[in-house]
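Open the model in your viewer and keep the selection tool at hand. The stops below go through backbone geometry and then charged side chains.

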Amino acid sequence: MRKKFWGQLDAITKLGATYCNHQRFKPLHEYGKPLWEFKESDHRLYCHRQVLAANALFIVLFNGWVKQKKGKTDKEQREIEKAIEFYRQFLQEGGHS
């Protein structure tokens, strides 16, 4: 898995807050806000992204899954909802917002 997402994570470390790739790293919309999604082929990782001073990013990975079909599925919505719950728990435990 590390190899699968290495390129994106490397780009984030070099570009910081300016990195956004609408094919591979983008904000979720609608019920997925405020989370972001890493995409690599059929693999998905959901995370919290916070911009810090000097273009630096604070990223917390919550969960991931492997998509089996094209298009939106019920499983995709469930996985996003699970990530939102992890995000809420993170904030309750004093995480950055």
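Buried means under 20% relative accessible area, exposed means over 50%, and partly exposed lies in between, with a 1.4 Å probe and protein chains only. This is a predicted model, in which local features need pLDDT of at least 70 and side-chain atom pairs count only at pLDDT 80 or more, while totals for chains, interfaces and linings use all residues. Residues are numbered from 1 along each chain as its sequence is written, and side-chain values use heavy atoms, with hydrogens and water left out. Helices (H or I, at least four residues) and strands (E, at least two) are DSSP runs, numbered from the N terminus.

**Backbone stops**

Most residues other than glycine have a negative phi, and most peptide bonds are trans. Select Lys33 and Pro34: the peptide bond joining them is cis, with omega about 5°. Pro34 sits in the loop between β1 (25–27) and β2 (36–40).

Stay in the loop between β1 and β2 and select Glu30. Its phi is near 50°, a positive value in a residue other than glycine. Glu30 counts as exposed because its relative accessibility is 69%.

Next, go to Ser41, in the loop between β2 and β3 (43–51). Ser41 is not a glycine, and its phi is positive, near 60°. With 60% relative accessibility, Ser41 also counts as exposed.

**Salt-bridge stops**

A salt bridge here is a side-chain nitrogen of Lys or Arg within 4 Å of a carboxyl oxygen of Asp or Glu. By this rule there are seven salt bridges.

Show the side chains of Arg44 and Glu37, which form one of them; the closest N and O atoms are 3.6 Å apart. Are these two residues buried or exposed? Arg44 is buried, at 7% relative accessibility, and Glu37 is buried too, with a relative accessible area of 4%.

Move to Glu76 and Lys67, whose side chains meet in a salt bridge at 3.6 Å, N to O. Both residues are buried.

Then select Glu79 and Lys82, where the N to O distance of the salt bridge is 3.5 Å. The two are separated by about one helical turn because they are three residues apart in helix α2 (residues 74–92). Glu79 counts as buried, at 7% relative accessibility, whereas Lys82 is partly exposed, with a relative accessible area of 39%.
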